[in-house]
Amino acid sequence: KAKDEAAIRAYSKLIEEFPSGLDTPNLYLGLYDSQARLGKSAAATKTLMTALERFGEDSDWAKSIPEEKAAEKKSALESLAGEAAKAAFFHHNAAQKSANRGHYDYALKIYSSLLKNFPNYPDRKKVAFFQGEALFNLEKWSEASNSYMIAAQIPPKDKVKIGRAHV
């Protein structure tokens, strides 16, 4: 516990000092992990959503990274989107296995932010489908239907054109 609390302070300080650094998305992921391990789900979800918004594919941050750092940028974007999807799936699964429906709220926030900020994410179809499933389980029928329709309109990732699938 003390280790994670110290990590939270360290990550927060580094984010403050290097708000637009090439490694800053990874600092946010570290902060998220520490908050999640301490059971601070609301703060962890907020941290992850902030990272998705600040460091999305079309963000000012992504546009500011020089071309010679394209591989590092791609790696950072893939890590951020991948870890966000894992976090959303974790909350989704936790909601299904428990009476705590609040986990669906966390999953939905992450799904929504991921779909909005990572339009070329390879597992976008899966994210949209699970967003629909979470909404369905919360009895939000119309929203679930819309999300399922979005998922249905996204081609499977093995059918996506190569040019579109890359950042």
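This is a predicted model: local features need pLDDT of at least 70, side-chain atom pairs count only at pLDDT 80 or more; totals for chains, interfaces and linings use all residues.
Trainee: At roughly what angle do the axes of helix α2 and helix α3 cross?

Mentor: Helix α2 covers residues 24-37 and helix α3 covers residues 41-54. Their axes come within 8 Å. The crossing angle is roughly 165°.

Trainee: Are α2 and α3 roughly parallel or roughly antiparallel to each other?

Mentor: Angles over 145 degrees count as roughly antiparallel. The axes of α2 and α3 cross at roughly 165°. The two helices, α2 and α3, are therefore roughly antiparallel.

Trainee: Is the crossing of α2 past α3 left-handed or right-handed?

Mentor: The contact includes Y28, L29 and Y32 on the α2 side, and L48, A51 and R54 among the residues on the α3 side. By residue type, the contact divides into nine nonpolar, four polar and one charged. As for its hand, α2 passes α3 in a crossing that is left-handed.

Trainee: Which element gives the largest share of the largest nonpolar core?

Mentor: That core has 40 residues, and L48, L80, L114 and F118 have the most contacts inside it. Elements giving two or more residues to the core include α1 (2-17), α6 (102-117) and α8 (141-153). The largest share is nine residues, and it comes from α5.

Trainee: Which residues is L80 in contact with, leaving aside its neighbours within four places in sequence?

Mentor: L80 is one of the residues with the most contacts inside the largest nonpolar core. Contact here means heavy atoms within 4.5 Å. With neighbours within four places in sequence left aside, the partners of L80 are P25, L29, L48, A51, L52, F55 and F118.

Trainee: Is S113 buried or exposed?

Mentor: S113 lies in helix α6. Not counting residues up to four places away in sequence, S113 touches M49, L52 and E53. Buried means under 20% relative accessible area. The value for S113 is 5%, so S113 is buried.

Trainee: Why does N146 count as partly exposed?

Mentor: N146 is found in helix α8. The partly exposed class lies between the limits of under 20% for buried and over 50% for exposed. N146 counts as partly exposed because its relative accessibility is 48%.

Trainee: What distance separates the C-alpha atoms of A36 and Y104?

Mentor: A36 is in helix α2 and is partly exposed, with a relative accessible area of 33%. Along the chain, A36 and Y104 are 68 residues apart. Their C-alpha atoms are separated by 16 Å.

Notes: Residues are numbered from 1 along each chain as its sequence is written. Side-chain values use heavy atoms; hydrogens and water are left out. Axes are lines fitted to C-alpha atoms, for helices over the stretch in contact, and angles run from 0 to 180 degrees between N-to-C directions. Helices (H or I, at least four residues) and strands (E, at least two) are DSSP runs, numbered from the N terminus. Angles under 35 degrees count as roughly parallel, over 145 as roughly antiparallel, 65 to 115 as roughly perpendicular and the rest as oblique. A crossing is left-handed if the near helix is turned anticlockwise from the far one by less than a right angle, and right-handed if clockwise. Ala, Val, Leu, Ile, Met, Phe, Trp, Tyr, Cys and Pro count as nonpolar, Asp, Glu, Lys and Arg as charged, and the others, Gly among them, as polar. A nonpolar core is a set of buried Ala, Val, Leu, Ile, Met, Phe, Trp, Tyr and Cys residues joined through side-chain atoms within 4.5 Å. Buried means under 20% relative accessible area, exposed over 50%, partly exposed in between (1.4 Å probe, protein chains only).
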